[in-house]
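Please read it beside the sequence and the structure.

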Amino acid sequence: MSIDIDALTAVLGEVRVLLARPGNDFGWSSFQDTAAALAEFDDLTRRVRDDGAVPFALAVLFAPTGPIQEVALSSGWGDDFCTLADRFDAARADRPAGGSPVAPPGAGDREDQAR
């Protein structure tokens, strides 16, 4: 597997804009508030740029029902997040956006979980 750092950092930039929106609801996520979310996200983005690798903690943030998806669903941008999460997965796994990795039986995709 190879990582497309340019595509990955583009996705991270778009997600950061969404996380920074005024009025986001962080109640269901592990982030305390916007400042805490952005501080953690910015640190992980810096590590991607510096190391050329995806820290496990960043993959957790993008996981289905992970902290970013919780904010997205509570704040009205769940569909946008699903699209960005697919692009995140594609950039870090060298597979086309929307392509399906091998998943355990019964596991739905992000769009199924957003509904």
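Ile68, Gln69, Ala72 and Leu73 of helix α4 are in contact with Gly78, Phe81 and Cys82 of helix α5, where contact means heavy atoms within 4.5 Å. Sorted by class, this contact of α4 with α5 comprises 5 nonpolar, 2 polar and no charged residues.

The model is predicted: local features need pLDDT of at least 70 and side-chain atom pairs count only at pLDDT 80 or more, while totals for chains, interfaces and linings use all residues. Residues are numbered from 1 along each chain as its sequence is written, and side-chain values use heavy atoms, with hydrogens and water left out.

**Overall make-up**

The protein has 6 helices and 0 strands, and its elements run α-α-α-α-α-α from the N terminus on. Helices (H or I, at least four residues) and strands (E, at least two) are DSSP runs, numbered from the N terminus. Of the 115 residues in the protein, 35% are buried. Buried means under 20% relative accessible area, exposed means over 50%, and partly exposed lies in between, with a 1.4 Å probe and protein chains only. Among contacts between residues at least 6 apart in sequence, 62% join residues at least 24 apart.

**Helix packing**

Two packed helices are described by the angle between their axes and the distance between the axes. Axes are lines fitted to C-alpha atoms, for helices over the stretch in contact, and angles run from 0 to 180 degrees between N-to-C directions. Helix α4 (residues 67–75) packs against helix α5 (residues 78–93) at an angle of about 150°, and the axes are 7 Å apart. This makes α4 roughly antiparallel to α5. Angles under 35 degrees count as roughly parallel, over 145 as roughly antiparallel, 65 to 115 as roughly perpendicular and the rest as oblique. Within α4, the buried residues are Pro67, Ile68, Gln69, Val71 and Ala72. Gly76 follows α4 and has a positive phi, near 90°.

The axes of α1 and helix α2 (residues 34–51) cross at roughly 170° and come within 11 Å. Here too the term is roughly antiparallel, for α1 relative to α2. On the α1 side the contact is made by Ile5, Leu8, Thr9, Leu12, Val15, Arg16 and Leu19, and on the α2 side by Thr34, Leu38, Phe41, Asp42, Thr45, Val48 and Arg49. By class, the contact of α1 with α2 has 8 nonpolar, 3 polar and 3 charged residues.

Thr9 lies in helix α1 and counts as buried at 17% relative accessibility. A polar atom of the Thr9 side chain lies 3.1 Å from the backbone oxygen of Asp6. Apart from neighbours within four places in sequence, Thr9 is in contact with Val48 and Arg49.

Ala10 is also placed in helix α1 (residues 5–19). Ala10 counts as partly exposed, at 36% relative accessibility. Ala10 and Leu84 are 74 residues apart in sequence, and their C-alpha atoms are 9.8 Å apart in space.

Most residues other than glycine have a negative phi. Thr65 has a positive phi of about 65° although it is not a glycine. Thr65 lies in the loop between α3 and α4 and is exposed, with a relative accessible area of 54%.

**Aromatic pairs**

Rings of Phe, Tyr and Trp (its six-membered ring) pair if their centres lie within 6.5 Å; planes under 30 degrees apart count as stacked, over 60 as edge-to-face and the rest as tilted. The count by this rule is 4 aromatic pairs. Two of these are listed below.

| Pair | Centre to centre | Angle between planes | Type |
|---|---|---|---|
| Phe62 and Phe81 | 6.0 Å | 25° | stacked |
| Phe62 and Phe88 | 3.9 Å | 5° | stacked |

Phe62 lies in helix α3 (residues 56–62) and Phe81 in helix α5, so their pair ties together parts that are 19 residues apart in sequence. Phe88 also lies in α5, so its pair with Phe62 ties together parts 26 residues apart in sequence. Phe62 is buried with a relative accessible area of 0%, and Phe81 counts as buried at 0% relative accessibility. Phe88 is buried, as is Phe62. Phe41, Phe62, Phe81 and Phe88 form one aromatic cluster.

Methods
Nonpolar A, V, L, I, M, F, W, Y, C, P; charged D, E, K, R; others polar. Polar contact = N/O pair within 3.5 Å; in protein donor to acceptor, adjacent residues only side chain to side chain.
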